[in-house]
Amino acid sequence: MGGCCSVMRRKGKRFLNVNKFEMIDGRRYQRLDDSNYALPNDIEEEERLDLQHNYMKLGFGGTNFSAPVDALLRRGARVLDVGCGSGTWVLELAKEYPNSYFVGLDLAPVILPEKKPDNVEFTEYNVLDGLPYKSNSFDFVFARILLSVFTRAQWTELAVPEYARVTKPGGWVELMEFDEALKGGCENVDRLSKAWSDFADSKGLIASPGYDICDFLKQSNYFTNVNYEERHIPVGPMGSQIAELGIRDWRDVWRAMKLVLSTTMQVSSEHYDAIAELALQELMQYGCTWINMRAWGQKIDYGFVADQDHI
Ligand SMILES: C[S@@+](CC[C@H](N)C(=O)[O-])C[C@H]1O[C@@H](n2cnc3c(N)ncnc32)[C@H](O)[C@@H]1O
């Protein structure tokens, strides 16, 4: 197995500063030249992430995670959500499990819709610098939809080893990702999926890491009891609550990805809008399927030592 020392960390840290945002075409982006992340972070995106949270939760039968940690969280545990986005997952679980303590980490500040509960903290941090926590300090580490955060190498040499490092022996790590290509044979939906896949390839990202996350956990050799669950979630046609949530989410995904996808497709802003509108009509009329995956595993006690802490 790769020891903790094999964690790939970047040389030097990039601290967030006052010039950390830039506005492009009415959307706010994080300005960080060494981040892979290309989506906006603004109120519109936070609202999309909230909607997507509810949609994916419905898709997994109303559950927020699949690892067998319910009893642990009821008793009281320390939980980390890496790339926590709008913070909804953290806030929801903090209410459901008042004996547990929740930490949400994200590059972007979380805009709280309500007063922060006492059992929650949020940290602004770039996960490409590693995780700013001591080894063996969380009972459950969760990371959802970080497909545009890590390159293939970073998944296996940085993300998974860091998640393992900060998890207590016997604690759990859960990853959730999806297949970016919606299934259904809709012409314009497929064009947008292909553009994402081309962009991902050009950046060394994995277009659809949902198919890899279980192997990442297994092959890291940090985990035992590794499990996997896959759900096929409807995105349209109109007619059911979940399918209509899916349409709204994907409409907003394509809006959020406009800068990246229109550049990759080499089409004008107007042409891109027309393709996205046609894709939306296809979803409303015919519908597609979105494949989502969760993989989770329990950390084996290999005994990480203190001088490997990244704090
Ligand atoms: C697609 S969103 C997913 C958010 C959340 N996990 C969810 O499921 O709703 C990806 C998140 O990763 C964050 N992110 C991107 N690059 C990051 C980095 N280098 N370090 C920490 N967070 C990052 C973004 O700000 C964004 O909130």
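User: What should I know about the numbering and the model?
Analyst: Residues are numbered from 1 along each chain as its sequence is written. The model is predicted: local features need pLDDT of at least 70, side-chain atom pairs count only at pLDDT 80 or more, and totals for chains, interfaces and linings use all residues.

User: Why is Leu-105 called buried?
Analyst: A residue is buried if 20 or more other C-beta atoms, placed from the backbone, lie within 10 Å of its own; 12 or fewer means exposed, and in between is partly exposed. Leu-105 has 22 within 10 Å, so Leu-105 is buried. Its place is in strand β4 (residues 101-106); strands are DSSP runs of E, at least two residues, and helices are runs of H or I, at least four, numbered from the N terminus.

User: Which residues does Leu-105 touch, leaving out those up to four places away in sequence?
Analyst: Leu-80, Val-82, Cys-84, Thr-123, Tyr-125 and Val-127. Contact means C-beta atoms, placed from the backbone, within 7 Å.

User: What makes β3 and β4 a pair?
Analyst: Two strands pair if DSSP finds at least two bridges between them. Five bridges join β3 to β4, and the two run parallel. Val-82 stands opposite Leu-105 in β4. Strand β3 (residues 78-82) is mostly covered, with four of its five residues buried.

User: Why are β5 and β8 called edge strands?
Analyst: The open sheet has seven strands in the order β5-β4-β3-β6-β7-β9-β8, with mixed pairing. β5 (120-124) and β8 (223-235) each have a single partner strand, so one side of each is left without a neighbour in the sheet.

User: How do you know that α5 and α8 are roughly perpendicular?
Analyst: Angles of 65 to 115 degrees count as roughly perpendicular, under 35 as roughly parallel, over 145 as roughly antiparallel, and the rest as oblique. Axes are lines fitted to C-alpha atoms, for helices over the stretch in contact; angles run from 0 to 180 degrees between N-to-C directions. Helix α5 (residues 187-203) and helix α8 (residues 258-265) pack at about 90 degrees, axes 9 Å apart. They are therefore roughly perpendicular.

How values were computed
Two residues are in contact if their C-beta atoms, placed from the backbone, lie within 7 Å.
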